[in-house]
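Please have the structure open while you read.

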Amino acid sequence: MTTLTFPLSRIEGHAQVVVEVRAGEVAAAYFQATEIRGFEYLMQGVPAEQMPVLVPRICGVCSTAHHVAAVKALESAYGVTPPLRARRLRELLMLGQLIQNQATSLFLFTMPDRLGLASLFQLAADDVPEQVGANIARSALRVRKAGTDLISLVGGQFIHPIKAVVGGMSSGIGEERAAAVQDEIEQILPLACELVEYYIEVSLAMGERLGTLGDDTPAYYIAATGSSAPNFDGDLLRVMNVDGVECDCFPAAAFHNHLIYQDTDYSYAGQTSYQGQVMRANSLARINMTHTMGTPRADVYLKDFRSAFGCPAHAILLFDLARGIELVYALERAAAILAEPFDTTEVTASYTPRDGDGYGLVEAPRGPLVHHYRIEDGLIRAAEFIIPTVHNMLAIEQALRVAARRYVTPERVDLELERAVGRVVRAFDPCIACATH
Amino acid sequence: MRRFAVLQLSGCAGCEVALLNADEWVEQYQLVYMPLVVSAYDVPDVEVLMVSGGVQTDEDLYNLRRAVRCAGQVIAVGTCAISGGVSNLGNRDEVRDVFLMQENRRHVPRLLPKCRPIDMAVSVDVYLPGCPPTPRLFMSALGTAPGYQPVRTVCQECGRRKVKEMRPKHLLGFQYGEVLPDVCLINQGYLCVGSSTRGGCGALCTRPGHPCVGCRGPSDALIEKESDAWFSSIRRVFESMTDVSGEEIDQALRSPQLALFLFQFADYAGVDRPARHKEQMI
């Protein structure tokens, strides 16, 4: 047996892919997380109310999602409902997270694959095709920064935010700074659309060159967003079956009855399935499971996407294109919220801490994220983190097998395999720090 | 163009994300290695090597030792690289037992018995503390923020007003009640350690109302002293500004949450690694 090991880059965290070849045939493909964060252990004994500040440190890329999920888990344990204004501010936080994440995945992680580069920053240094413009790296960073500025405005700081608290937000947003961020987002929107259109163009050209958009086996999809339009503060997880029909819907507290988790002995991350079936989370799941985006520009992109690829769409490189639609949506939606009449109503509700179980659900950029805490004597007795990347593990390995079979023949191993492995993994935009929490 | 590399050990990638927001380096530096955004197999020769994350696995240790050989200057970036950070919580005995249960996995890097700061293994020229350091501090470390002089403590750049008449009798904990917008958090009963924590972050936690947890480590006045000096300086501040008992403060300072950052006390006082001088700190 031959073992091919591929180190990975341009993803969050440390991971590698191992392809096993036996007698010229692909026997298996493994996606291995090679680091461990260990928060389920580290958090035991921590005072429950300090979780919102601690858990962002699981991952610096997804910190906002963990921050909000932690607060929601405590609110569910304490039985407190935050005021509407606070929920609106949290929506802004999640939109900032989405802008930052999708811009990073689109431009910093996957764009170089389309252009045959090792990094987007090479564009600034090397000769680039004229139509790209040497400023593409800078433009991409600017779009990304609109997201982080939004998180800073609402969350206090953009990597490990601090302002979401049990019962609401520790303070509102200043009118002047809010107007400045609104302005920034409105200015960046046309630039983001240009980048997204260019991204779609080079992606489809790459697909044509390769003769495939990757694994398109129908799969189950899971998301916690709304069915008519995106909603990143949802209360229910929804599942769509391989025929594109919504087949299940459940609150975060019931996840054990619907999702099956198993550990692996070759990776520090486990895998979840929907009742034993391969499922997919992240952008393509949300795009497949919504009727509209609810914002004008994003809806145009969605319409084009649907007419080109149908619904549900399955090819994995479409995850990347779906991220483009979501980036535009998040910018439009955030600008619309910031343009509403400035609201200075209450941002906190009072509460009394109590022991018990709490479940917090958010739709993170990578899919549904659940925090489950068991609180005893005000301390965390057990913490469980249900991670979007873990929902995708089986789908990633399936897509890797499909790619490996394309490039491994009894005669030879096509060197394109290494690039294909990178493209497959990046399409799912996995986060290894989160997956190994 | 100067060349720089970022080696990511065991951490959360927050430092790298902060660096991406400090885009001023794009024109002056060529980023040749940083797995988060650059595909490259090895760290090439570079003028500057930034290292983020702690040394938690055998692979971390191997990569670190190899990378520093190609580097002109080594900068330790973030709380994990400097003091183990949040992973250091794993050094509690009961947690280490749970980590050891991971032994049965195949083909993955082995966990070391203890998560260690990078200067336990290699020599470090510059320290850039923070969880994570702000983009501005990154620019300062790369020399792309001319004229930028960080202030000494978080307290000095917070701007909240100290009120003589407000002397709380007990600590509030972390997330209780409404935070008054302009009044010092200590006056309001929060356990804020900004008075002894290294400045330069822009007080971005305390300004919106979250107490400083000390992620930037001890200020210049305390950095070359034993960790006890840091503790007693915080205690003195609370004695002069509040009526909270010394016992209550001591207990709170050693709570697991603050331990997250105050764990670095142990490392700053450490005997088995080189001393860190204030001239090396950013």
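B:Pro132 sits in the loop of chain B between β7 (126–128) and α5 (135–141); helices (H or I, at least four residues) and strands (E, at least two) are DSSP runs, numbered from the N terminus. The model is predicted, so local features need pLDDT of at least 70, side-chain atom pairs count only at pLDDT 80 or more, and totals for chains, interfaces and linings use all residues. Residues are numbered from 1 along each chain as its sequence is written, and chains are lettered from A and ligands numbered from 1 in the order in which they are written.

Most residues other than glycine have a negative phi, and most peptide bonds are trans. The table lists two cis peptide bonds.

| Residues joined | Omega |
|---|---|
| A:Cys311 and A:Pro312 | about 0° |
| B:Cys131 and B:Pro132 | about -10° |

A:Pro312 lies in the chain A loop between α10 (296–309) and α11 (317–339).

A:Asn282 is not a glycine, yet has a positive phi of about 95°. A:Asn282 is buried, with 29 other C-beta atoms within 10 Å (buried means 20 or more such atoms, exposed 12 or fewer, partly exposed in between, with C-beta atoms placed from the backbone). B:Ala13 also has a positive phi, near 75°, and is buried, with 25 other C-beta atoms within 10 Å.

In chain A, the axes of α3 (residues 63–78) and α4 (residues 84–115) come within 9 Å and cross at roughly 155°; axes are lines fitted to C-alpha atoms, for helices over the stretch in contact, and angles run from 0 to 180 degrees between N-to-C directions. That makes α3(A) roughly antiparallel to α4(A) (under 35 degrees is roughly parallel, over 145 roughly antiparallel, 65 to 115 roughly perpendicular, the rest oblique).
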